[in-house]
Each structure stands twice: as structure tokens, then as C-alpha cells.
Amino acid sequence: MNPAFRSLHRHGMVRVAAATPLATVGDPAVNAEAAIGIARTAHDAGVDLVVYPELNLSSYAIDDLHLQAALQRATREAVAAVVAASADLRPVLLVGAALERGGRLYNCALAIARGRVLGVVPKTFLPNYREYYEKRWFASGAGLTGLTITIDGAEVPFGTDLIFAADDLPDFIVHAEICEDYWAPTPPSTQGALAGALICANLSASNVVIGKSRERMMLSAAQSARAMCAYVYSAAGPGESTTDLAWDGQGSVHELGELLATSERFAHEPGLTIADVDTGRLVQERLRNGTFNDAAAVAGHPETRFRRVAFRHEPDFADVGLKREIRRFPFVPNTPDKLDEDRYEAFNIQVEGIAKRLVAARAQRLVIGVSGGLDSTHALIVAAKALDRLGRPRSDILGITMPGFATSEGTKGNAWKLMRALGITAEEIDIRPAATRMLEDMGHPFGRGEPVYDVTFENVQAGLRTDYLFRIANQRDGLVVGTGDLSELALGWCTYGVGDQMSHYAVNAGVPKTLIQFLIRWAIGTDQYDRETDAVLEAILGQEISPELVPGEELQSTESKIGPYPLNDFFAHYLIRHGLAPSKVAFLAWHAWHDAAAGRWPLGYPESARTAYDLATIMHWLELFLIRFFQTSQFKRSAIPNGPKVSAGGALSPRGDWRAPSDGTAAAWLAELKANGPGIGG
């Protein structure tokens, strides 16, 4: 086992925390003790960055006491105490203090690491409305760049042009802003992100009123999405003065618009809200979104104006676990509200897609091969809903089941039951005579009665089915609806040309196998069809996934050949959507799948299907996925028919998300996995 494999730092992650200390009104010495205590707790928890509330050393709600020399001196002493204590601690600390410089008092964020102050960032936007009077005490940092401030006898950078970057941990790059700064139409963190910061932090006081928690969450989520960063927010908590205001100590961590962690509000104990942010993913997101670079250009390239303050972080690359929920099914939300909303959207995207194509083609009917398996079932119920929406009879759908040499009575029976329940036009064509004749004409051993079940034997059947569908569509003025899904396209698990790779419209091409199962469950749970149809859908969901092409006593299992679809969809999401290194995909997959009892499963996922995969299993199927995806199957994707993009996780159409050479190799991906993976074979 490669000991570094399980270190989050090896995979471009940084552990951050929003701190909620117990404040003491106007007593910097006690506030420093509270800050140091939390810093030590964070050190023990393997935290790399701690973000404290605004003015946590000075106290926020002390009004004119900010202008007292004794308090200003005590604040400087509190800063010195925190700096001294940080010398043997792991985390970078972003603490808040009011500091005097040049006859002005500034509301500041101080970056402290390993016994020194890295720099001081003054607050830009000072609220002076409703309950706020900050301009009475503080000067704005707007326009202050390239300056220094003396802290305990040392000159350190001062200004709004600072970002802090570890020189021994790539992508640990931090920008700090303070409270009102991100309520402004032009948050300073936008410029910081455009200058290269991947983690933006907000030291906030932010008294609480009804509904303000939602507003903070909205702003943090929006800024992390818009600036393509992680956003760590820390609001003042218990101990601040409640003379006129109250505080809830809300802390949160967002990344690309998604909430990773949030604190308990109104707690009476100090707390840390910890999450591992994926800075490597953030880099990849910026690389693949040209608008981010365009925004930097329009802003005059902030990186040319910002000072990048370097520091040694000295990570030990130990295994400290992972403080980040990794969804087993990245195409499927874990939370019930999002799951229902996403399934509604996915289903209706498909319905609208096929409805528009039917109208545009002026076809009289839709032609679908119905096998009784998951994909054709889903394509058929989508088509039925499209006909309903167009006000046309479902009899305008021609469903054809085409049993072959290994078709089971169960799947064939389900195909007929489904077609009858939906009220479509249904027919059956036995492809065995035509397949036998073709194999005979080819001189294939099976044509001479020998039990040879090779890829030719399989593809003759798959090709004949598609051939029949196209010719029947010609004959009856129809449009062939493809049933193959995104997972099969990723793996190349489809027959090219005259086969299930081709159709007039590939309605499932943007939907992975794992999501199709949830969409069918959604159709059942939301009464999209009648009880008879629901009963057939339940039966189909309970079947093993099989191509049913090879005869024999044992059912031919797709997943035994190409790997479990849950793992393959996991690999596809992180490789296609995010471009992550295979070793990191393995790391994430292990955390997501090694313990069936850990984490959340999507609502409605059967208990009996809740399994776990060890690292050796993950590595085996990941290596196969890399070969199939990058090396052997791109030519099929380069020639796929039209079909709607459904998931933000990506699509594989060469006219959409994915363009790649058909004659590529998987060598670089396999080499990376071997060099940086766990050091065990597949």
C-alpha cells in the first residue's frame, strides 16, 4: 500500500474550518485565549485553515470603546499572543482585530501562520445604515495596496491586494474579506479569486435577525459558484454584547455553490465547522470554463496587481480521514427534496426532447425496440408521456420486442406486459431465423450447429434488431427511438453502426444507468402512470441487468463483464465532468463505497442493493474503465445520434460536452494511477 494514497493533501484537498469562539465583550486577552484554544483543537483535527469571526480579538459590538487607547493596546497584545501560540500549530489562522495605522483605525483580517503574521487585510465596505455605524470608528481599506503595517516590531504586508499561498502545498491559496464586503455588489473576493485564490474566507460579525441565516447561505453559495472557489464563512457567536443586537455563530463552508458543512447555531460552546475542500477540482473547473479567464481579462488581470504572500505550510501527508461527504451516486442527489426536483427535471427534459423531434420530423409514429430491460423501459415511458403531452394517442408508438437466442421468458413477458399496460401498438419479431441465416451465410460455426458464442454471434443479434427497427420505421413513417444510456456510451457497451449505438433520436444518451433506475422509481412514486404499469415497472427494476445474447443455464451478467454500474457511473462523473486524476478518483471512490453503513443513501434505494466495494475491487474496475473509455470506445461516441443533455455531470456527444480522438490511448491515465494510486493491483 502506498502510504501517501490516503492523504487528502496528495489529492489536492485542503481542510478548512469556520471557528465559533466564545467571545468576551471588550477583553482582547480573554478573546486571544479563546482563539488559541480553538486553534489547538483545529491542529489536533488536522485543519489547515481556520477562519474566525470579524474582530474576534477586539470584540465587535463595543461601539466607541474601539476608540480607546487601552483597548487598542490590548488588541495588539492579543495579536502577539496568538502569533506566539501559532508557532507550533498546523493551521493558518485568519483572525479579526481593529488595528491603528497612520492615524486611522482599520477593521482587519490578519493571516497568521507558524509564528508570524503573513499580512493584514483591511475591510473595504463599512456598513453605516440601520443598526450599523462602522464609519464612526473605522476607515475603509478601499484603494490601499502595496503598503505595510508594523506588527510587534515587524513590517508585514497591509492592503486589499493580498492573497496567501502555500509554497509546499499546491492550490492552498487564500483570500480574506470581512462581513459587509460580500454583501456589496462588488465583493473583494471576486478580485481575489480572479487573482488566483481558490479559498475565499469571510470574517463576519453579522448580527442575526429573522431570515438572515438564509441570506448568508445564499450569498456564500452564490459567491462560491460565481467565483469558482471554496467560501468559508464565520459569524460572531455567543459572548458578543447583546445591548441592541443578537448573534448566532453561524459558520459554513461552500464549494462551487454546494454546501459542504454548516455549524450548529446559537450554541453555547466553542465550535469548529470543518470540511475538506477540493482545490484540485476548483482548478479543473476554472480550466474548463473560459468565462473565468475572460472575467479576469475584463478586470485588468488582478493577478498583476495582487501581492502573493508565500508561506511554508509543512503538510505531513498523513491519513487524517476525509471531512467531506462523497455521494455514492454523483448523478443522483442524496437529499429527498433535491432528488425529487432533479428527477422531475430529468424526466421532462427527455419528454420535451423526443416530443420536439417527433413534431420536427413530421413522423407518424415512434418506433422502439422493447426488451423488458431498464433502458428500453425508460425510453418507452418517456415516449408515452411525450405522446400524452402532444395530445396524440399512445397507439402512435410502435413497440417491437425481438427475442433472440438467449431471451428469457421473464424479460419478454415484462416487455409485453409493459406495452399492453401503456396501450401502445405492440408487435413481436423472432430474430432467430434471420440471425441463423446470417451466421450460416458468413460461415460462422454456429451456422453449422456448433455452440460458439463469440462477439460476432452477439452482434449479429444486436445488429438485426436495429436493422429491423430502421426498416420498419421506413415502412411505417416512423422515427426510431434509441434506448442506450450514458453509462453504456462511456464504456462502449453498445454495438456500433447497425446496432444499439444508432437511432434517429437517442433519448437516453444523456442519462446514466444509475439515474435511469431512480427515474423509473420516480415515475412509480409520483403516479405518472396507472397501477398496472407501475407493477410492471417494479418487476423490471428487480431484474439483473443482462444483454441476453448468449444462451446457457446461467443468466449473462453485464456487470460481471464491465463492472458494477454504480462504480462505473462514479468513475465517469469525476473523469468526464471534472477531469480528475485516476488516483484521486480511486481515493474518492474508496471513501464513498468502502462502508455500506456510512453516509447517506438516496431515498428509496433498496436495502438489499446497498453494497460496499474494497480498494482492490475499485482499482480493478477503474483500470478497465480507463481502457474502455479512453482507448477502445471513443469512435462510437464520435458518431452518436442526437439526444438531449440531461445532467450537469456531462454528456458524451461530440457536439456537446465531450470531444476526443477516436484513436487515443489510455496510457497516461493508467500510468498516473500506477504512480499515485494505492499501490495494489486490480
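Colleague: What distance separates the centres of domain 1 and domain 2, taken over C-alpha atoms?

Modeller: 48 Å. This is a predicted model, where local features need pLDDT of at least 70 and side-chain atom pairs count only at pLDDT 80 or more, while totals for chains, interfaces and linings use all residues. Residues are numbered from 1 along each chain as its sequence is written, and side-chain values use heavy atoms, leaving out hydrogens and water. Domain 1 covers 8-311 and domain 2 covers 338-676, with bounds from an automatic or database domain assignment.

Colleague: How many residues does the contact take from domain 1 and from domain 2?

Modeller: Contact means heavy atoms within 4.5 Å. Here domain 1 gives 10 residues and domain 2 gives nine.

Colleague: And what area is buried between domain 1 and domain 2?

Modeller: Buried area is the accessible area (1.4 Å probe) that two parts lose on being put together, summed over both. In this case that's about 820 Å², with carbon and sulfur atoms giving 53%. On the domain 1 side, H11, R281 and R288 supply 56% of the area buried against domain 2, more than any other three residues.

Colleague: How many salt bridges does the rule find across the interface of domain 1 and domain 2?

Modeller: The rule wants a side-chain nitrogen of Lys or Arg within 4 Å of a carboxyl oxygen of Asp or Glu. It finds two across this interface. As for R577, it forms a salt bridge with E285, with the closest N and O atoms 2.8 Å apart.
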